[in-house]
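Please look over the structure shown here before reading on. The paragraphs that follow lead through it step by step.

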Amino acid sequence: MYGQFSLISRLISPAFSWSHSGANERSRTGTGTWGVRVHQDFNGLPSLSMLSDDILVDHIFEYLMVEDILCLRMVNRLFYNLTHHGIIWKRFLRRIGPNVPALPPSQHYSPNFLTSFEAERLVIRAITVHKNWILPNPPAASYLPVQAHRHILSMVVLPGGKYLVASACNLAKTHYSLVVYVLDHRICGIVPLAETPVRGKAYNICAKYMNVEGTPSIVIGYIRRKTLKSHQSTNSIDPSIYNPYLNNPRCQIDAPMPLEYVATCLQISLDALDALGNPILVPGSQEFFDFAASQPPPFRFLGHLRSDSELRNVDLGEVDGVPNMVVAKMPETIVMKELTFDGAISTFKCARETTLSQQEQPICNFRLLPLQGQILVVRSTNRPRLAPPNPSPGGPPIIPDVMFTVAMFPTPDPGDTEAGEFNPLSIASFYGKDIEDFQISDPHVSNDQGRNFLPPPINIFYRNESGGRICHMIISPTPRESAPEAFRSTGKPHYAITNLRSNMMHRLSFKNDESRTVCRTFVIPGCLRSLFYSIPRDNRSDTLSVRNFSGHLLSKRGDDAYSIMRRETLQNILRNVPKHRENMLGQFDLPSYILDHIRDGVTAIAWDEGTGRIFYSKPHETMLHILDMAQTPLESELKFAC
């Protein structure tokens, strides 16, 4: 019936991406009918156009799917105007539940203040990123380079893709800073809104939406290195260059001088960002700079931790309503600091797995589960093995077996610096060869989301076999009826080590002329959509020659419980339901010029699974590059013409 009027054809064609900026929502202007109606002569024949706007929008359109609304938009000026109204698209938003990209917890993005265009863009983006991601070879819908005004060294995207936080510097690398970008500015698209200087490169950046003393904010945690004063000289070497080799805590590059590690936490209120991102103020104009100068400094210092031992893997979360920063103090200690006026600090040492208790078991990664009051910790250690009786001369090096553990630890009491050693609440042990680079997804479940929808799983990825293979483990949430009583009554998600299962192993290689390049693969984990990217195994520089990107599904054909729930809620508004690809991995179908661009070298990569956008920067330039895996309507001043 709909044929050429399918949703995708409507989205791909620019002619059907208009959004009439003059349309006003009834929710902002009170009840009653909307503005101008186009009267047409139908020779007395019955017509939908004879019905009032209220009946059409509140009673007729309520039964239509997204495809129907987009087709109806093509009929005439009346339906063009009516199908842009926010009531329709906010109704779709409510129906697709967790498929909606997460929004900042500020008044500007609350349902009452969300514009019709923003609501439509969220719905269309949720649909098209899903349809694209499950294709055998997902294509990029668009590519956009923008001026970032700084060289970006690393970056993270806040859930929902509205803000990006970057560790940046000038091209000479003499001045470092943290920059917050708004990603969907109505006038200029991607705009740097706030910047604060940093005394050295900020790395291991973590950024989350949190409530600090009643103020909805972005809280940013990061780590920097500095040379101890007793070893500083005029010829000091930049301490930021000494990193764990391939994200493997068992293989490190030692600095030639003692280093001090500083974990710092900053706050920037969402109200301040909303004021700076007001579309009335054109970024870069004199009015914009005058307004910014009249405002209080946007960044606020919340606290820091200092240590002569290496600090790594910052995480943030609200535990019992109190914002906390959590840091791994190598090799086996967890440090928590409340981000309050008192700033209570708690520490505990992770007890070792008993079979190898004589060996150090360094922390590889961890994830704070604030709604559960626990910390998920992954550790590893080399497993002793005897040398072979007759080693072959000139043979390959002996790769030691590795034992790694996945364990749940309780959070310590605030201010307990003498907590000592904590035994895990539960633990699972595994063995492998040459294991490195553990990555853990962040479920970022809100208090009300877990009650109404199935919470997302926690995904754990790691590399082995010299980086040539990616292994995936998954911790599914405990079913509500089987969860402890405290979680059943409150609806909070519960994750248990008993739910941990090994999912799949993936090996990526890319065809190069007549041969295939064996690659080392990296993962940016997501709850539903994880991004893989690979570099040649012999690439040892900080500039990554990315061969391609690949999209990861939780299961083949999306037959796991969480994927089914997400798909079924999205089908509430779709007439045509797409099918999942058979394989869990789908290599992207990118144009040759983009492949050449990323293979020429990439400095930093960030991924937002909610909006389906990949952000990357390149060496020796100040541009930010965006690959968008979703189609979105474009706001335009163009008017509908019959």
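With which residue does Arg 557 form a salt bridge? The partner is Glu 582, and the closest N and O atoms of the two are 2.9 Å apart. A salt bridge here is a side-chain nitrogen of Lys or Arg within 4 Å of a carboxyl oxygen of Asp or Glu. Arg 557 lies in the loop between strand S26 (548-552) and H12, and Glu 582 lies in the loop between H12 and strand S27 (585-587), so the pair ties together parts that are 25 residues apart in sequence. Helices (H or I, at least four residues) and strands (E, at least two) are DSSP runs, numbered from the N terminus. Arg 557 counts as partly exposed at 40% relative accessibility, and Glu 582 counts as partly exposed at 47%. Buried means under 20% relative accessible area, exposed means over 50%, and partly exposed is in between (1.4 Å probe, protein chains only).

This is a predicted model, in which local features need pLDDT of at least 70 and side-chain atom pairs count only at pLDDT 80 or more, while totals for chains, interfaces and linings use all residues. Residues are numbered from 1 along each chain as its sequence is written, and side-chain values use heavy atoms, with hydrogens and water left out.

The predictor's confidence in each residue is its pLDDT, from 0 to 100. The chain averages a pLDDT of 82, and 81% of the residues score at least 70. Over residues 1-36 the pLDDT is below 50, although this stretch has 78 contacts in the model beyond near neighbours in sequence. Contact means heavy atoms within 4.5 Å. The pLDDT also stays under 50 over residues 637-642, where the model has 12 contacts beyond four places in sequence. Where pLDDT is low, the predicted coordinates should not be read in detail.

The chain as a whole comes next. Its secondary structure comes to 13 helices and 30 strands. Of its 642 residues, 54% count as buried. Among contacts in the chain with a separation of 6 or more, 64% are between residues 24 or more positions apart.

What lies inside? A nonpolar core is a set of buried Ala, Val, Leu, Ile, Met, Phe, Trp, Tyr and Cys residues joined through side-chain atoms within 4.5 Å. The largest such core has 52 residues, of which Phe 61, Val 66, Trp 89, Tyr 163, Ile 218 and Ile 220 touch the most other members. Helix H7 (residues 116-133) gives the most to this core, with 6 residues. A second, separate core has 23 residues, including Trp 133, Tyr 533, Phe 549 and Tyr 616. Back in the largest core, one of the residues that touch the most other members is Ile 218. Leaving aside neighbours within four places in sequence, the contacts of Ile 218 include Leu 158, Tyr 163, Tyr 209 and Leu 273.

Helix H12 (residues 561-570) is mostly covered, with 7 of its 10 residues buried. Those buried residues are Tyr 562, Ser 563, Met 565, Arg 566, Arg 567, Thr 569 and Leu 570. Their cover includes helix H6 (86-96) and H7.

Further salt bridges occur elsewhere, and the count comes to 21. In one of them the side chains of Arg 150 and Glu 195 meet, at 2.8 Å from N to O. This pair links distant parts of the chain, 45 residues apart: Arg 150 is in the loop between strand S1 (142-147) and strand S2 (151-157), and Glu 195 is in strand S5 (residues 189-198). Arg 150 is partly exposed, with a relative accessible area of 31%, and Glu 195 is partly exposed at 38%.

Asp 600 forms a salt bridge with Lys 618, the closest N and O atoms being 4.0 Å apart. Asp 600 lies in the loop between helix H13 (592-599) and strand S28 (604-608), and Lys 618 in the loop between strand S29 (613-617) and strand S30 (623-628), so the pair ties together parts 18 residues apart in sequence. Asp 600 counts as exposed at 60% relative accessibility, whereas Lys 618 is buried, with a relative accessible area of 6%. Salt bridges that share partners also join Lys 208, Asp 315, Arg 367 and Asp 442 into one network.
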